[in-house]
Amino acid sequence: DVIDSLVKDMGDALDPAKLPWDAIRSTLRKGVFGGRVTEAADQAVLDDLVNAIFIPQTFDLGFVLVPAIAESPVLPDGTSREDCLDWIFSLPSHTPPTWVGLGPDAEKELEARQAR
């Protein structure tokens with residue numbers, strides 16, 4: 001609801017350059033996800049992820065979500081609900097932790113913690 005209210009007055013043709021990106025990122029970092037994050041290191045990963053994805057360039061065709069990895073997902077060309085859902089369902093069922101800014105050993109660390 002908060003993010004909807006930030007963009008509702010822009011009409012149907014959203015101009016990426018005019019979106020309130022700082023407010024959107026702040027809402028996501030602190031209000032939506034950040035309230036559940038208790039570790040400073042985890043908050044830093046979340047902040048980096050939100051800051052890298054919620055930018056005007058996400059409206060560009062071929063926007064690469066995770067430039068640091070070779071097999072990074074690229075946002076879909078279409079903008080319809082169906083295009084987005086098709087893209088979501090085309091993603092692998094298992095995504096590497098590097099997609100969200102974690103190290104490649106994050107899964108092993110999680111498994112080790114769960115085994116204790």
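**A friendly note on cores and pockets**

1. Let's start with the lining of the largest pocket, which by class has 18 nonpolar, four polar and two charged residues. Please keep in mind that this is a predicted model. The largest pocket has a volume of about 750 Å³, and 24 residues line it. Nearest its centre lie Phe-54, Thr-58, Phe-59, Leu-75 and Cys-84. Helices H1, H2 and H4 (81-90) each give at least two residues to this lining.

2. Now turn to the second largest pocket, which holds about 270 Å³ of space. Its lining is made of 16 residues, and Leu-49, Ile-53, Leu-65, Trp-99 and Val-100 are the ones nearest the centre. By class, 15 are nonpolar, one is polar and none is charged. Helix H3 gives the most to this lining, with four residues.

3. Which residues make up the largest nonpolar core? There are seven: Val-7, Leu-19, Trp-21, Ile-24, Leu-28, Leu-46 and Val-50.

4. Have a look at H2 itself. Its buried residues are Trp-21, Ile-24, Arg-25, Thr-27, Leu-28 and Arg-29. What covers them includes helix H1 (2-7) and H3.

5. Finally, pick out Val-50 in the structure. Leaving aside neighbours within four places in sequence, Val-50 is in contact with Arg-25, Leu-28 and Arg-29.

Notes. Residues are numbered from 1 along each chain as its sequence is written. This is a predicted model: local features need pLDDT of at least 70, side-chain atom pairs count only at pLDDT 80 or more; totals for chains, interfaces and linings use all residues. Side-chain values use heavy atoms; hydrogens and water are left out. A nonpolar core is a set of buried Ala, Val, Leu, Ile, Met, Phe, Trp, Tyr and Cys residues joined through side-chain atoms within 4.5 Å. Buried means under 20% relative accessible area, exposed over 50%, partly exposed in between (1.4 Å probe, protein chains only). Contact means heavy atoms within 4.5 Å. On a 1 Å grid over the protein atoms alone, a cavity is a set of points where a 1.4 Å probe fits but cannot get out, and a pocket is an open set with protein on both sides within 12 Å along at least five of seven lines; lining residues have an atom within 4 Å of a point. Grid points are joined across faces, edges and corners, and a volume is the space filled by probe spheres set on the points. Ala, Val, Leu, Ile, Met, Phe, Trp, Tyr, Cys and Pro count as nonpolar, Asp, Glu, Lys and Arg as charged, and the others, Gly among them, as polar.
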